[in-house]
Amino acid sequence: MRSSCLCALVILLFQISQCSADLVVGWDVFDLTSWGPSPFAPTQSSLDLSGTTGITRGSGVTTSGTASSNAWGGNGFDTTSLANSLTASDFVSFSFTVGSGTSLSLTNIAPYNIRRSSTGPSLGQWQYQLGMGSWTSIGSAINWGSTTSSNGNLQSAIDLTSILDLQNVSSGTKVSFRVANWSGATSGTWYFNNFFTGSTAYPNDLQVNGTFATVPEPSAFLFGGLITTVLGAGYVRRRLQQWGLLSGRKTLKIRQEEITLGSTGS
Ligand SMILES: [Ca+2]
Ligand SMILES: [Ca+2]
């Protein structure tokens, strides 16, 4: 009885700490034409999410002229500062919601590639938001690079592990990201570029990675409490039996000790 209960307890504790890793959401922009749809639903997303919103052009982002193929983006990133780009909604954004029974610790935004035209925005800033909270910048502004061919400009991974807000994000919380761009001409273009064709099944060109941890349902806590109660009751019962209180005896034998009293006056 006790060993089976212990096994159940171990399994429960294992489930609490059990983690699955890697992809949260990912997009493959291969084969896109005409700037790509907005929103552009993830090519792949974790089953531990309860919902996603694809990459969406802000109201200040335009799609005038002819687009490059195998890329998702727009133009009209024509302000001169981060603050002005935000006011003008010159950003692209996406979001996802942590599913039930899980919490999410984000690891990184994997290396990605930005293609831009010679007059496309030269600077951009990643930001995140939890729920309807305020937006927070991730690191500092990024200089997208000078390559204007389809090779694009490879960007480093963005580490998210040091951002406490993005660790242990609870079930039901919506996590949003956006990239604001500025220092471009009205017709200058900017895209998430197809750079990864790799040999994997999912050659995503933009991918957010993280670790999901299983959070036990209230019933599991109840189950755990029950196990503790059973184990605790068993312990008390054995102790009472050792003391003879559960063996049908009505009396409790007290061991006699001989006590030597010191004599007085010596
Ligand atoms: Ca790709
Ligand atoms: Ca604009």
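Trainee: Why is strand S5 largely enclosed by the rest of the structure?
Mentor: Five of the five residues of S5 (residues 71-75) are buried, so the rest of the structure largely encloses the strand. Buried means 20 or more other C-beta atoms within 10 Å of a residue's own, with C-beta atoms placed from the backbone; strands are DSSP runs (E, at least two residues), numbered from the N terminus. Keep in mind it's a predicted model: local features need pLDDT of at least 70, side-chain atom pairs count only at pLDDT 80 or more, and totals for chains, interfaces and linings use all residues. Residues are numbered from 1 along each chain as its sequence is written, and chains are lettered from A and ligands numbered from 1 in the order in which they are written.

Trainee: Which way do the S5 residues point?
Mentor: Ala 71, Gly 73 and Asn 75 go one way, Trp 72 and Gly 74 the other. In a regular strand, side chains alternate between the two faces of the sheet.

Trainee: And which strand does S5 pair with?
Mentor: S15 (residues 189-193), antiparallel, over five bridges; pairing takes at least two DSSP bridges. Gly 73 sits opposite Tyr 191 there.

Trainee: What does Trp 72 touch?
Mentor: Leaving out residues up to four places away in sequence, its contacts (C-beta atoms within 7 Å) include Val 29, Ile 55, Tyr 191 and Phe 192.

Trainee: Switching topic, what's the mean pLDDT of the chain?
Mentor: 84, with 72% of residues at 70 or more. pLDDT is the predictor's confidence in each residue, from 0 to 100. Over residues 3-18 it stays under 50, and over residues 248-266 it is below 50 too.

Methods:
Buried ≥ 20, exposed ≤ 12 C-beta atoms within 10 Å, placed from the backbone. Helix = DSSP H or I, 4+ residues; strand = E, 2+ residues; numbered from the N terminus. Contact = placed C-beta atoms within 7 Å.
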